[in-house]
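Here are a few notes to read alongside the model. Have it open while you go through them.

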Amino acid sequence: PQIPPPAAPTNLVVERTILGRSAVTPTAIANLRWVPPRLAPAGYVIQAASDAGFTAIVGGDEVPGDKVDAGVPNLPTGITLHFRIASVAKGGLQGPW
């Protein structure tokens, strides 16, 4: 039988953004929080993009499935960022964004 992809987390919010202290290339860290799906996944994939269509990915992270928040580091400053998150099953199968 085919295993369905894991359900997506919901209510992804940016709790705060912290500016980095590098004088060479300013960066930011976005602290995100979400509500996990009913069945906990093995992990999550987070993407940050400079456009709503996610054609220009500028950062991201992977976090364990027992987390409901994460800090996404090394993000560019001075632009609007869009975030999305997907669950990942133990076999690597990724669910919807």
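1. How many bridges join strand S3 to S4? There are 7 of them, and the two strands run antiparallel. S3 covers residues 43-49. Strands here are DSSP runs (E, at least two residues), numbered from the N terminus, and two strands count as paired if DSSP finds at least two bridges between them. One of the contacts to look up is Gln47, whose bridge partner in S4 is Gly60.

2. Before going on, a word on the source: this is a predicted model, where local features need pLDDT of at least 70, side-chain atom pairs count only at pLDDT 80 or more, and totals for chains, interfaces and linings use all residues. Residues are numbered from 1 along each chain as its sequence is written, and side-chain values use heavy atoms, with hydrogens and water left out.

3. Back to S3: it sits in an open sheet of 3 strands, ordered S4-S3-S6, with antiparallel pairing. S4 (57-64) and S6 (82-88) are the edge strands with a single partner each, so one side of each has no neighbour in the sheet. On average, neighbouring strands are turned by 15 degrees against each other, direction ignored; the axes are lines fitted to C-alpha atoms, with angles from 0 to 180 degrees between N-to-C directions.

4. Now look at S1-S2-S5, an open sheet of 3 strands with antiparallel pairing. Its edges are S1 (10-19) and S5 (69-76); each has a single partner strand, so one side of each is left without a neighbour in the sheet. From one strand to the next, the twist averages 25 degrees.

5. Within that sheet, S1 pairs with S2 (residues 27-35) in the antiparallel sense over 7 bridges.

Technical notes:
Helix = DSSP H or I, 4+ residues; strand = E, 2+ residues; numbered from the N terminus.
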